[in-house]
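Here is a short note to read beside the model. Keep the structure open and follow the points in order.

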Amino acid sequence: MTEHNNCYLNEIYSAIQGEGPFVGIRQIFVRFSACDLRCTWCDTPDSLVRTELCSMEDGAGTRKFHKVKNPLNDNTLLSHIKLLLPELHHSISLTGGEPLLQCDFLNNFLPLLKKRIRLPVYLETGGHRPKELSKIVNLLDFISMDFKLPSSANTGILWDKHKEFLEISLKAKNLQSVWVKIVITEDTLSDELIHSINIIKSVYPKNNLEIFLQPVTEINNTGPPDELKLLNIQRDLLKIYPKIRVTPQVHKLIGQR
Ligand code: SF4
């Protein structure tokens, strides 16, 4: 068995998307195992490393799971996705962990998925793996890309990677939409936000990419900016870029996974 034919997953389930422009839609979430970052606010710690077992939901929204041994091959993954009634869903979310760490598997699997399931493919990513993105970008329909700020994400400096990632997304053939999500905390520095916006503007000079500021949901002693700080951040960014929306993690507000 090779990495091209097999993947390491953390869980598969049906849920309500709670972030970005598609809040409220129903998706099948395929959560990949392993991530090379360690964000301060990471809310999926179980997906950071490969594990022996993956949790599969028994039916769409039952929240009853059974365990399956990793790695899974493409046919096994397809049959689990089919169990979750794809016809009721808007798209399939590839999330993690960092799905692009398994881009060789995705390169093989996504054409099969598109042929057999016929749902759009939505990638949620840290936005820091441009080379891996380039291998599969023409198989994607939507990309939700993070910009990680050094002051609050604790991931080191990723500016060049984020820029290269955006440049690749701009040239993608079938992509319907890409947007940027920036998690902000009480520690977020305005200078870094402005730097992010300037990078985005340099790649998308027509300002046609939406940016979502997401105040962190309290975790690991990290909290969101207070009311005034948030208002001031959005005001300052709107002075240089028109599409700055502030959205929380809605699924957490409504008690969803
Ligand atoms: S990129 Fe995502 S999965 Fe990885 S550490 Fe950050 S929040 Fe967690």
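1. In what order do the strands of the open sheet stand? This is a predicted model. Its open sheet holds 10 strands, ordered β5-β4-β2-β3-β7-β8-β9-β10-β11-β12. The pairing is mixed. In general, strands of a sheet pair through backbone hydrogen bonds, either parallel or antiparallel.

2. Look at the edges next. They are formed by β5 (65-69) and β12 (244-246). Each has a single partner strand, so one side of each is left without a neighbour in the sheet. From one strand to the next, the twist averages 25 degrees.

3. Now take one pair inside the order. β7 (residues 91-95) and β8 (residues 121-125) are parallel and share three bridges. L94 has L123 in β8 as its bridge partner.

4. Move on to β10 (177-184). Is this strand mostly buried or exposed? Seven of its eight residues are buried, so β10 is largely enclosed by the rest of the structure.

5. Check the partners of β10. Strand β9 (residues 142-146) runs parallel to β10, and five bridges join the two. V180 stands opposite I211 in β11.

6. Helix α6 (residues 190-203) forms a β-α-β unit with β10 and β11, and the unit is right-handed. Helix α7 (residues 227-238) lies across β10, β11 (211-215) and β12. The angle between α7 and β12 is about 165 degrees.

Conventions: Residues are numbered from 1 along each chain as its sequence is written. This is a predicted model: local features need pLDDT of at least 70, side-chain atom pairs count only at pLDDT 80 or more; totals for chains, interfaces and linings use all residues. Side-chain values use heavy atoms; hydrogens and water are left out. Two strands pair if DSSP finds at least two bridges between them. Helices (H or I, at least four residues) and strands (E, at least two) are DSSP runs, numbered from the N terminus. Axes are lines fitted to C-alpha atoms, for helices over the stretch in contact, and angles run from 0 to 180 degrees between N-to-C directions. Contact means heavy atoms within 4.5 Å. Buried means under 20% relative accessible area, exposed over 50%, partly exposed in between (1.4 Å probe, protein chains only). A crossover is right-handed if, with the strands pointing away from the viewer, the path from the first strand over the helix to the second runs clockwise.
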